[in-house]
Amino acid sequence: MSALVNAIVMLGMLVVVPAGLRLTELRELDRIRRLWPLFAAPGAVALWLPRGTTATVLACCYALGAVLLALHAPRRAARGQDLDPAGIALLTALVTPAVAATALVAERAGHELFGFDLGILALTVPHFHFAGFAAALIAGLVCRVADGPAGRFAALSVPLGTLLVLAGYFVGDWAELVGAVVLTAGMWTVGLLTRRLGHADGRDRTTRLLLLTSAAVLVATMLLALSWALGEATGLPHPTLTWMAATHGLGNALGFALCSLLAWRRIRTEDPLRTEAPHLTGGRTA
């Protein structure tokens, strides 16, 4: 499981975060996006080293980049920006890599942060790259296109669900189950709206396939997340963490996050459909 989780985390660090930042089309994020490989590369190396000083120092390099990214969120909020549902999803995306990086530093140092064992800390890292950063970012993009009740619900419930799952780590399994329910509702709404985008007139075959794949994958992966959270809270039989990493984790990383980001990148560059891809932070087209 360790090798698989590390590979998933590397995908998040080296591909998903910079690709997602590019999709925001925010000029103020250009510098951190260009510098991101300088932070992400040491973090990726830290994953494969034995726990200890060297791995911790390299993880701290990644944490520095994640904190610099997260600092953009309060600055934008203080200026009154991104206070609509899609904007809140964007702010969530900017902050969540810092949560993942904090867990990474603690795990590489062999420190059971807040009493969580090292295995849980290790799984927190991919969770907040994909259920945090990627999911919130894509929910915001979908909300801008589908500017209606469903889109706004997706953009708000994904960040809320992510926050509740994080709170559940401290409160207990039942609180985490509530967070999983909210997050699943939001992600399934994202999947529904993504499916509609995939069937839009004029959509090219590759983009349609990517969108429909990401929507279909969410049905299965979030059902697994629900079954795991329910089992943890009630004691009912549920998948093991190893099985969750190989199914839920891998599916969300490749089937949802990567396919969605590739699809949105194509939407951004397709002239006939440019009007369907508004800027993440406003209603104007990109």
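Predicted model: local features only at pLDDT ≥ 70, side-chain atom pairs only at ≥ 80, totals over all residues.

Modeller: What follows covers the ground rules, then the packing, then single residues.

Colleague: How do α1 and α10 pack?

Modeller: Helix α1 (residues 2-24) and helix α10 (residues 241-269) pack at an angle of about 20°, with their axes 11 Å apart. Helices here are DSSP runs of H or I with at least four residues, numbered from the N terminus. Axes are lines fitted to C-alpha atoms, for helices over the stretch in contact, and angles run from 0 to 180 degrees between N-to-C directions. α1 and α10 are therefore roughly parallel to each other; the classes are under 35 degrees for roughly parallel, over 145 for roughly antiparallel, 65 to 115 for roughly perpendicular, and oblique for the rest.

Colleague: Which hand does the crossing of α1 and α10 have, left or right?

Modeller: α1 passes α10 in a left-handed crossing. That term applies if the near helix is turned anticlockwise from the far one by less than a right angle; clockwise is right-handed.

Colleague: Which residues make the contact?

Modeller: On the α1 side they include Leu4, Ile8, Leu11 and Val15, and on the α10 side they include Ala246, Leu250, Leu254 and Trp264. Contact means heavy atoms within 4.5 Å. By class, the residues of the contact of α1 with α10 are 16 nonpolar, two polar and three charged. Ala, Val, Leu, Ile, Met, Phe, Trp, Tyr, Cys and Pro count as nonpolar, Asp, Glu, Lys and Arg as charged, and the others, Gly among them, as polar.

Colleague: What about α9 against α10, at what angle do they cross?

Modeller: The axes of helix α9 (residues 205-234) and α10 cross at roughly 150° and come within 8 Å. α9 and α10 are therefore roughly antiparallel to each other. α9 also passes α10 in a left-handed crossing. The contact of α9 with α10 has 16 nonpolar, eleven polar and one charged residues.

Colleague: And α7 with α8?

Modeller: Their axes come within 7 Å and cross at roughly 155°, with α8 covering residues 173-198. That makes α7 roughly antiparallel to α8. The crossing of α7 past α8 is left-handed. The residues of the contact of α7 with α8 divide into 18 nonpolar, eight polar and one charged.

Colleague: Is Leu164 buried, partly exposed or exposed, and why?

Modeller: Leu164 counts as partly exposed because its relative accessibility is 26%. Buried means under 20% relative accessible area, exposed over 50%, and partly exposed in between (1.4 Å probe, protein chains only).

Colleague: Back to α9. How does Leu211 sit?

Modeller: Leu211 lies in helix α9 and is buried, with a relative accessible area of 1%. Leaving out residues up to four places away in sequence, Leu211 touches Thr194, Leu197, Gly198, Arg203, Ala263 and Ile267.

Colleague: How many residues are in the largest nonpolar core?

Modeller: The largest nonpolar core has 78 residues, and those with the most contacts inside it are Val190 and Phe256. Helix α6 (residues 118-145) gives the most to this core, with 16 residues. Such a core is a set of buried Ala, Val, Leu, Ile, Met, Phe, Trp, Tyr and Cys residues joined through side-chain atoms within 4.5 Å. Beyond its neighbours within four places in sequence, Val190 is in contact with residues including Ile138, Val142, Leu218 and Phe256.

Key. Residues numbered from 1 in each chain as written. Heavy atoms only, no water. Helix = DSSP H or I, 4+ residues; strand = E, 2+ residues; numbered from the N terminus.
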